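Welcome, and take a moment to look around before reading on. The paragraphs below walk through the model step by step.

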Protein chains: 2
Amino acid sequence: MNGAPRLALLLTGNELMTGDIVDSNSAMIAGQLLDQGLSVHYKVTVGDDLQLLKQELERLASQFEILIVNGGLGPTSDDMTAEALALASRQKLAEHPEARAHLEHICREIGMPLSPANLKQALLPEGCDIIPNPVGSAVGFFMQLKVCEVFCTPGVPHELKCMLEQEILPRVSARLDEEQKPVRTRLKVFGFGESSLQQLLSDRFPDWPAEIEIGFRASLPMLELKLQTRQAHQALLEDWTRRVRSQLGAHVISETQTTMQEALVTLLQEKNKKVTCAESCTGGLVASLLTQVSGASAVFEAGFVTYSNGIKQEVLGVSAEHLKTQGAVSEVVVREMLLGALARSHADLGVAISGIAGPEGGSADKPVGTVWLAWGTKETVKTAALRIPGTRKRFQMVTATIAMDLVRRELLGIEEPANYLIERALHKSRSGQ
Amino acid sequence: MNGAPRLALLLTGNELMTGDIVDSNSAMIAGQLLDQGLSVHYKVTVGDDLQLLKQELERLASQFEILIVNGGLGPTSDDMTAEALALASRQKLAEHPEARAHLEHICREIGMPLSPANLKQALLPEGCDIIPNPVGSAVGFFMQLKVCEVFCTPGVPHELKCMLEQEILPRVSARLDEEQKPVRTRLKVFGFGESSLQQLLSDRFPDWPAEIEIGFRASLPMLELKLQTRQAHQALLEDWTRRVRSQLGAHVISETQTTMQEALVTLLQEKNKKVTCAESCTGGLVASLLTQVSGASAVFEAGFVTYSNGIKQEVLGVSAEHLKTQGAVSEVVVREMLLGALARSHADLGVAISGIAGPEGGSADKPVGTVWLAWGTKETVKTAALRIPGTRKRFQMVTATIAMDLVRRELLGIEEPANYLIERALHKSRSGQ
């Protein structure tokens, strides 16, 4: 990419030097820049050291055309990005009226007085411009320093993301020719691991065109598939996106950044249906994920977390006899859990989950990771037993996402089984495949 | 830390520059060094660029006494650490007999012929020494360059870890006096924002000793407070840790990496009590967080996600009259939700939550972020109304954590109100403070 500006990152924070946190911000910044056709050439990380920060700002600003600084915008004394930039640019620190107004607004909103510590966040180098922060107290700011446009951003990931998307990426990508900009489609896929999806695509599409780069990115529990090319091959990209979508069918959740719960809530709203869930091993995670989505109240009224056998009987009406003879992790029990939840919630359809999240509680017959699911309406209950390997947390997240996907597929009227129902079927796992 | 060697990291690999992977190696290196009393002062990350690598090796080797290089030891042409170090040190690349012997041994073990690509891994700068790799094909190596001891290590995390523990840490920590090694305490705090905690500490402890460094780290929804000094001041550190703990009282959740849900589940186990929750606006998040903890089944049997008014009546027995006259977000309704959940779950104590998570659903009287909580046993129900600002997701996470903290404080028998009950009290917020 000839002519693209040279770009560096400067990360600051003692917590990045001590191993206390793993820096995921710089990967996020780099990924978003790359989507615009911009590469990061160089990255420096330093602690909360004013002289070192100043020195690095001066050095990098003389070698790069764009510098994104991340961290050190907070209210405490170890946050010193503004001061370092003032030193490097030989400007005074002064209260920036827009930054102060923003702090006053934030404090009013949350009903807190404006403290001296907060006010420090309005002290910025003279001559800099503000990058608004719609989601937090620290505004970002940018200024020209030597040959370089320096953008200072907060360390809080969602605040950084918001500034990147709304202000910084549009500004820096305006420097690129249209021709340099990549075009791409992204498909959010659920139900395949990275290697099995890669295998499937190379088996089904031996004639894959060289012009279209293919990339995979795990965004657990989903997988993101990225097809990318240059503007000149836009039509080809659209054609191959269609072919891939058609191959993957309902395993493609969306072409946007939609989560499974967002996709399901939207679909329930469209179909004007209500859902319920009866959860044992996922402990409320399905309910919690669904109700993260704004507007969930229109499609979700009740969820039941029935962790013990006694509660499964009392709250959902599961048969004591079945619990005793079949165990809580069994087809008949999840079926009764689902029917009980549907009756008590008056929902149109639902899902019930009972399994062994581990690390304790497994047996030879039902090892850790075994789960029974029941889903559908009271007339059409379907069931499946799966084996979901991994840690307790991963088991819960994957199982909850499968539960939502099963309801989604039911609403879409899809008959062919999802890949995970085949790949992760309990009997297949147990026979050692 | 006077006398401690100055230490830098140099990470290399295109995958670190594109955002495709998040660098967790450097946090691991930094954490292990810190345990020995060695701080990382500076960190640079570059792609697979021979000239840039050479230039950074020269620059860092003239400024630091220890440099750990990570990545670029593999068999492919984009692995160029050895070549760059040869250029920087003006040494030839030559086949190192020990490195070759190691490769031959590895290839024999896995039954593969020694390929030219593999043999490249034995080409090292003349005069360097080997760091054995008991778990992989790439040996590490080290040499003196200018004022600096340069250690080159592989990017594969478990190979790196093994070299660090067995060879590098013993070598570098031998340079330190016992006196230089740091000691620290960490407190997990819940109920204060970073700026209000800093304000509190500076108000209450005007005589804070210069010997003890204080650090804050947001680990939402908690805050980590770190006090650090040198071994010589160990007694002072213990004394001031005691003072801070005594000032913060039950706002200190633990001195370890414990989450709120882990602290609560442990406490419930110790007290042999069972908990339940009735959730509206948090939609199952409390249940989900509690059941993330392994062993939760001993203390948690049932949770109720009652999102609609109808379900609050049918499942928990909340009065229709109260819902109509007071609204779902009201003291009487959360009280009845709690009593209903306690009766149906047979739990010893519990918490009920009803609020407006937003972004829709607020009113002048009850704006978005308003929440009523009820907690305690059926004999001792307590209630509070709070205003929790922020996004829907943040509202749910903070509210769920407060809910768990209220139960924790009840179990501990703490009478004085938590900071958030004062700072975030609804009436205070509504009067605009």
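**A walk through the structure**

In chain A, the C-alpha centres of domain 2 and domain 3 lie 30 Å apart. The two domains touch through ten residues of domain 2 of chain A and twelve residues of domain 3 of chain A. On the side of domain 2 of chain A that touches domain 3 of chain A, seven residues are nonpolar, three are polar and none is charged. Please keep in mind that this is a predicted model.

Now let us step back to the domains themselves. Chain A is divided into domain 1, covering 7-177, domain 2, covering 181-254, and domain 3, covering 260-430.

Next, have a look at a pair of helices. Helix α10 (residues 260-271) of chain A packs against helix α11 (residues 285-292) of chain A at an angle of about 70°, and their axes are 8 Å apart. An angle from 65 to 115 degrees counts as roughly perpendicular, and α10(A) and α11(A) are therefore roughly perpendicular to each other. Where they meet, α10(A) brings Gln261(A), Leu264(A) and Val265(A), while α11(A) brings Leu289(A), Leu290(A) and Gln292(A). Sorted by class, this contact of α10(A) with α11(A) has four nonpolar residues, two polar residues and no charged ones.

From here we can turn to the strands. Twelve strands form an open sheet with mixed pairing, and their order is β6(A)-β7(A)-β8(A)-β3(A)-β1(A)-β2(A)-β2(B)-β1(B)-β3(B)-β8(B)-β7(B)-β6(B). Its edge strands are β6 (129-131) of chain A and β6 (129-131) of chain B, each of which pairs on one side only. On average, neighbouring strands of this sheet are turned by 20° against each other, direction ignored.

Ile131(A) stands opposite Gly140(A) in β7(A). Further along, helix α2 (residues 25-35) of chain A lies across β1 (7-12), β2 and β3 (66-70) of chain A, running at about 160° to β1(A).

Where do the strands of chain A and chain B pair? Strand β2 (residues 42-46) of chain A pairs with strand β2 (residues 42-46) of chain B in the antiparallel sense, over five bridges. Here Val44(A) stands opposite Val44(B) in β2(B).

Finally, consider the whole contact between the chains, which takes 63 residues from chain A and 63 residues from chain B. On the side of chain B that touches chain A, strand β14 (residues 300-306) of chain B gives the most, with seven residues. The residues of that side of chain B divide into 24 nonpolar, 27 polar and twelve charged.

How values were computed: Residues are numbered from 1 along each chain as its sequence is written. Chains are lettered from A and ligands numbered from 1 in the order in which they are written. This is a predicted model: local features need pLDDT of at least 70, side-chain atom pairs count only at pLDDT 80 or more; totals for chains, interfaces and linings use all residues. Two residues are in contact if their C-beta atoms, placed from the backbone, lie within 7 Å. Helices (H or I, at least four residues) and strands (E, at least two) are DSSP runs, numbered from the N terminus. Ala, Val, Leu, Ile, Met, Phe, Trp, Tyr, Cys and Pro count as nonpolar, Asp, Glu, Lys and Arg as charged, and the others, Gly among them, as polar. Two strands pair if DSSP finds at least two bridges between them. Domain bounds come from an automatic or database domain assignment. Axes are lines fitted to C-alpha atoms, for helices over the stretch in contact, and angles run from 0 to 180 degrees between N-to-C directions. Angles under 35 degrees count as roughly parallel, over 145 as roughly antiparallel, 65 to 115 as roughly perpendicular and the rest as oblique.
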